[in-house]
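Please examine the sequence and the model shown below before reading the report.

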Amino acid sequence: MKALKFTTALSLLSGILLLSSCLGDGSNTMSIYSTGSIYKTESGIPYLYVDYTGITVTSPELQSEDFEEGDRLFASVSVDFDNQGTQIANYIYNAAISGIHQFDCKNYTFDDTMTQYQSDTIPTLYAIEPFINYRRDDTILTFAYLHETEGSTPSSLELVQPKQFDATSKTDTLYLVYNKGEEKESKSSDYISFKLPQYPVDTDIKVVIRYHSTLSNFTQVGKDKTSDYFSFTYNRPDTSN
C-alpha cells in the first residue's frame, strides 16, 4: 500500500460523503469526499471513477502516482465544469484531487475447510455507499472498519467463501473473518474493498455475509448462535463501468 496522505478516523467511519454544488450563483462546480477506482486510458493515463457520483476525473497529482488499474482510493475531489481547459478525453474531467489515500482491494478466498464460521470481533464495521460496485472486470464490496493498530502480529480482515456457489438456490453465504493480531489499546480506521465471486449476470443472487462486530450500520440484519449476518441482492448487468 502506498504511503499517501491519510484521512481522519471520523471521515472514514462516519460513512458520510460530503457533496456540494454551487449553481445558484451561476457557477457549475462540485466538491465531494468519496471512494473511487483507478482506470487508465489507452495511452496509460490514470483517472478516477468516483463511486458516489459516477463521474470520471483526473489531475496532475493523480497522474504523478504509480497507480494500477483497479486500485481503490479515498480522496477529496473538486470539479469546475465551466473551466476544463484541455481534457485527456471528453468523458474525463480535470479536477483538483487532494488527500489521496489508497486502501486495500482484496480478492475473496475460497476455503472449503472452514466448515463453521469463526472470527475475532471487529470493533466497528460500516457499509459504505455505494456498498456494491459493478466494475468492468469484477464486483466489489466496500467497508470502513476500526481495527487494532499494527503490532508485531498485525490484524487482518478477509472475505471467505466456504463452499461453492449453488446456482439452483441462487444464494451464497460468505464469511468476514477478522484476526485481531496483537491486541493494543489504540485503534486505527481504514477502508477496505473485497472482490466478490463471479456469479451469473442479470440474475438476482442473495448474498449473506456472516460477521462479528461490536458496532455496525447494516440493514436487513439477523443473528443466530453462530454470528450476526446481513444480506443483499447481487445482480450484475452485462455491461458495467
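## Overall picture

This is a predicted model. The protein has 241 residues, of which 44% count as buried. Its secondary structure consists of two helices and 17 strands.

Among contacts with a separation of 6 or more, 69% are made by residues 24 or more positions apart. The protein exposes about 12,300 Å², and carbon and sulfur atoms supply 46% of this area.

In soluble globular proteins, nonpolar side chains tend to be buried together. Here the largest nonpolar core holds 29 residues, and Phe 143, Leu 176, Ile 209 and Phe 232 touch the most other members. Strands S9, S10, S11, S12, S13, S14 and S17 each supply at least two residues of this core. S12 (171-179) gives the most, with five residues.

Another core, of 16 residues, lies apart from this one; Leu 48, Val 57, Val 77 and Ile 97 are among its members.

Beyond its neighbours within four places in sequence, Phe 232 is in contact with residues including Phe 131, Leu 141, Val 207 and Ile 209.

## Thr 142 in strand S10

Thr 142 is located in strand S10, which covers residues 139-148. Is this residue buried or exposed? Thr 142 has a relative accessibility of 1%, and because buried means under 20%, it counts as buried.

The side chain of Thr 142 forms a polar contact of 2.9 Å with the side chain of Arg 72. Leaving aside neighbours within four places in sequence, Thr 142 is also in contact with Phe 103, Tyr 126, Phe 131 and Ile 192, among others.

Terms used:
Residues numbered from 1 in each chain as written. Predicted model: local features only at pLDDT ≥ 70, side-chain atom pairs only at ≥ 80, totals over all residues. Heavy atoms only, no water. Helix = DSSP H or I, 4+ residues; strand = E, 2+ residues; numbered from the N terminus. Buried < 20%, exposed > 50% of the residue type's maximum accessible area, 1.4 Å probe, protein only. Polar contact = N/O pair within 3.5 Å; in protein donor to acceptor, adjacent residues only side chain to side chain. Contact = heavy atoms within 4.5 Å. Core = buried A, V, L, I, M, F, W, Y, C linked by side-chain atoms within 4.5 Å. Areas by Shrake-Rupley, 256 points an atom, 1.4 Å probe, with all protein chains shown as cover.
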